[in-house]
Amino acid sequence: LTYDGEEVFSESIDISPAELYTKDITIDGPIVEENLKFTFYSSSEEVLLEYQPQAPPDKPMPEPLGAPEGPKDVKTIEELYLHGLRLDQFHNSSVSPYPYYFEALERDPGDYRVNTQLGILYLGRKMFEEAEEHLQTAVDRITMRYTRPKDSDALYYLGIVQRRLHKNQKAYDNLYDATWNVGWHTPAYHQLAELDCENGDFETALEHIDRALSTDINNLKTLNLKVAILRKLGMLEEAEELAEKIMNKDLLDYQCRNELYLSK
């Protein structure tokens with residue numbers, strides 16, 4: 001322990017998680033914490049740990065965050081969307097995001113971002129018909145004039161909602177379009193593989209699950225689905241081998257253990 005560059009305490013100790021070490025040290029006179037420095041060395045004089053208090057940055061505190069202005073008083077649709085998005089992401093029990101989204105749609109009923117977020121909210125509430133309506137509106141806007149959208153949020157969630165509504169062919173088409181975006185590549189191909197399995201087409205399911213894994217090789221949920229597909233195709237040796245690899249990554253993974261049992 002040094003103070004202002006001068007050593008004030010030093011000791012050689014044995015320490016381990018089972019043998020804790022504590023020490024009270026008194027230094028005379030007024031102390032400036034930033035001048036204290038603690039260094040912990042190994043037996044070979046290697047620095048293992050070093051700590052020195054830092055003075056707080058000389059910056060003013062930010063202004064406290066207040067409630068947003070009322071929806072009618074917000075000037076632009078973009079600001080309405082951002083107000084709603086923040087309220088949705090950082091839950092505020094006293095202010096709902098819905099009025100901001102609804103006001104935005106009063107001004108532009110086809111707004112892509114607002115319809116997408118409302119669709120996701122309704123999906124979370126299991127209001128599937130309402131979710132489909134908003135997500136379809138979002139997809140219609142983002143794909144107008146045959147545009148291939150840069151983001152696939154609405155396409156992916158529309159596919160999810162349509163699966164819940166048992167509109168599997170429409171879901172399949174929208175999920176396939178969602179694979180265009182790398183952010184949705186793995187989850188969309190995973191959903192497609194599940195639909196293939198429901199249709200009994202395990203060969204196509206294997207192709208789709210491999211595509212899903214090409215952009216997320218450590219996704220355990222997707223790996224487990226591949227094990228099940230391999231088992232259904234009679235590729236038991238490959239299924240067992242992959243299940244063992246999954247179990248080595250996560251000993252508590254119930255699905256891979258179940259697949260191991262089924263493939264024996």
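Predicted model: local features only at pLDDT ≥ 70, side-chain atom pairs only at ≥ 80, totals over all residues.

Q: In which sense do strand 3 and strand 4 pair, and over how many bridges?

A: Strand 3, residues 36–41, pairs with strand 4 in the antiparallel sense, and the pairing runs over 4 bridges. Within this arrangement, T39 has E50 of strand 4 standing opposite.

Q: Which residues make the nonpolar surface patch?

A: F38, L48, L49 and Y51 make a nonpolar surface patch of about 410 Å². Strand 4, which spans residues 47–51, contributes the largest share of the patch with 3 residues. Y51 has its place in strand 4.

Q: Is Y51 buried or exposed?

A: The cut-off for exposed is over 50% relative accessible area. Y51 has a relative accessible area of 52%, and therefore counts as exposed.

Q: Are Y156 and W184 buried or exposed?

A: Residues under 20% relative accessible area count as buried. Y156 is buried at 9%, and W184 is buried at 16%.

Q: What geometry does the pair of Y172 and Y176 have?

A: Y172 and Y176 form a tilted aromatic pair, with 6.0 Å from centre to centre and 50° between the planes. Both residues belong to helix 6 (residues 168–178); because they are 4 residues apart, about one helical turn separates them. Y172 is buried, with a relative accessible area of 17%, whereas Y176 is partly exposed at 30%.

Q: Which residues do ring pairs link into a cluster?

A: The cluster consists of Y98, F102 and Y122, linked by ring pairs.

Q: Where does the charged end of R148 sit?

A: The charged end of R148 sits over the ring of W180, at 4.7 Å from the centre of that ring.

Q: What can side chains of opposite charge do when their charged atoms come close?

A: Such side chains can pair. Here the count comes to 13 salt bridges. Among them is the one between E78 and R113, in which the closest N and O atoms are 3.9 Å apart. That pair links distant parts of the chain: E78 lies in helix 1 (residues 77–89) and R113 in helix 3 (residues 112–124), 35 residues apart. E78 is partly exposed at 44% relative accessibility, and R113 is partly exposed at 30%.

Q: Which parts does the salt bridge of R141 and D108 tie together?

A: The side chains of R141 and D108 meet at 3.1 Å, N to O. R141 is in helix 4 (residues 128–142) and D108 is in the loop between helix 2 (98–107) and helix 3, so the pair ties together parts that are 33 residues apart in sequence. R141 counts as partly exposed, with 32% relative accessibility.

Q: How many residues apart are E207 and R211 in helix 8?

A: E207 and R211 are 4 residues apart in helix 8 (residues 202–213), about one turn of the helix. They form a salt bridge whose closest N and O atoms are 2.8 Å apart. E207 is partly exposed at 38% relative accessibility, and R211 is partly exposed with a relative accessible area of 33%.

Q: Which residues do salt bridges that share partners join into one network?

A: K72, E103 and R107 are joined into one network in this way.

Q: How far apart are E238 and S12 in sequence and in space?

A: E238 and S12 are 226 residues apart in sequence, and their C-alpha atoms are 55 Å apart in space. E238 is found in helix 10 (residues 236–249) and is partly exposed at 37% relative accessibility.

Terms used: Residues numbered from 1 in each chain as written. Heavy atoms only, no water. Patch = residues over 30% accessible without salt bridge, like charges linked within 9 Å, V, L, I, M, F, W, Y side chains within 5 Å. Areas by Shrake-Rupley, 256 points an atom, 1.4 Å probe, with all protein chains shown as cover. Salt bridge = Lys/Arg side-chain N within 4 Å of Asp/Glu carboxyl O. Helix = DSSP H or I, 4+ residues; strand = E, 2+ residues; numbered from the N terminus. Buried < 20%, exposed > 50% of the residue type's maximum accessible area, 1.4 Å probe, protein only. Pairing = 2+ DSSP bridges. Phe/Tyr/Trp six-rings, centres within 6.5 Å; stacked < 30°, edge-to-face > 60°. Lys NZ or Arg CZ within 6 Å of the ring centre and 35° of its normal.
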